[in-house]
Amino acid sequence: MMLASYLPPLIGYFSYLASALAMLIVFAVLYIKVTPFDELALIRDGCTAAALSFGGALVGFSLALASSALHLNRLEYFIIWGALAGVIQILVYVCLTRCIKEMPQAIMENNVAVGALAGSVSLAVGVINAGCLS
């Protein structure tokens, strides 16, 4: 009897969790496709710049997802706003590569300053994105 009262919130929790993880994976795959290098291969080779850049993008996107999950009470809205947040994060990367000439090459060469800047900009936009979704 008591389990029946917990079932709807559990279903909601797992629905949001599964959706968020799926969106995070899709975002990561799309982000890797947009960049002219393979972040995962660079990270496996010890490239700190790539880890900072990619990690910042993932955390920035996750912040927007967390805000959406917190403030939206319908799963379909959560998914729509999450997708929009992902598009914004990818556009930020594209704009950043236009502003910082040779950014992809600098990241591939493990220029930590450029990787940290790219990751920080992604985080900043993620925070703003999260605030706009609340």
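The buried residues of helix H4 are covered by elements that include helix H1 (2–34), helix H3 (48–71), helix H5 (103–108) and helix H6 (112–132), where helices are DSSP runs of H or I with at least four residues, numbered from the N terminus. The model is a predicted one, in which local features need pLDDT of at least 70 and side-chain atom pairs count only at pLDDT 80 or more, while totals for chains, interfaces and linings use all residues. Residues are numbered from 1 along each chain as its sequence is written, and side-chain values use heavy atoms, with hydrogens and water left out.

Helix H4 comprises 25 residues (75–99) and reaches 36 Å from its first C-alpha to its last, close to the 36 Å expected at 1.5 Å a residue, the expected span being 1.5 Å times one less than the number of residues. Its buried residues (under 20% relative accessible area, 1.4 Å probe, protein chains only) include Phe78, Gly82, Gly86 and Tyr93.

The axes of H1 and H4, which are lines fitted to C-alpha atoms over the stretch in contact, come within 10 Å and cross at roughly 20°. The two helices are therefore roughly parallel to each other, a term for angles under 35 degrees. Their contact (heavy atoms within 4.5 Å) involves, among others, Ser19, Met23 and Phe27 of H1 and Leu75, Phe78 and Ile79 of H4.

Within helix H1 lies serine 19, which is buried, with a relative accessible area of 14%. Leaving aside neighbours within four places in sequence, serine 19 is in contact with Leu75, Phe78 and Ile79.

How values were computed. Buried means under 20% relative accessible area, exposed over 50%, partly exposed in between (1.4 Å probe, protein chains only). Axes are lines fitted to C-alpha atoms, for helices over the stretch in contact, and angles run from 0 to 180 degrees between N-to-C directions. Angles under 35 degrees count as roughly parallel, over 145 as roughly antiparallel, 65 to 115 as roughly perpendicular and the rest as oblique.
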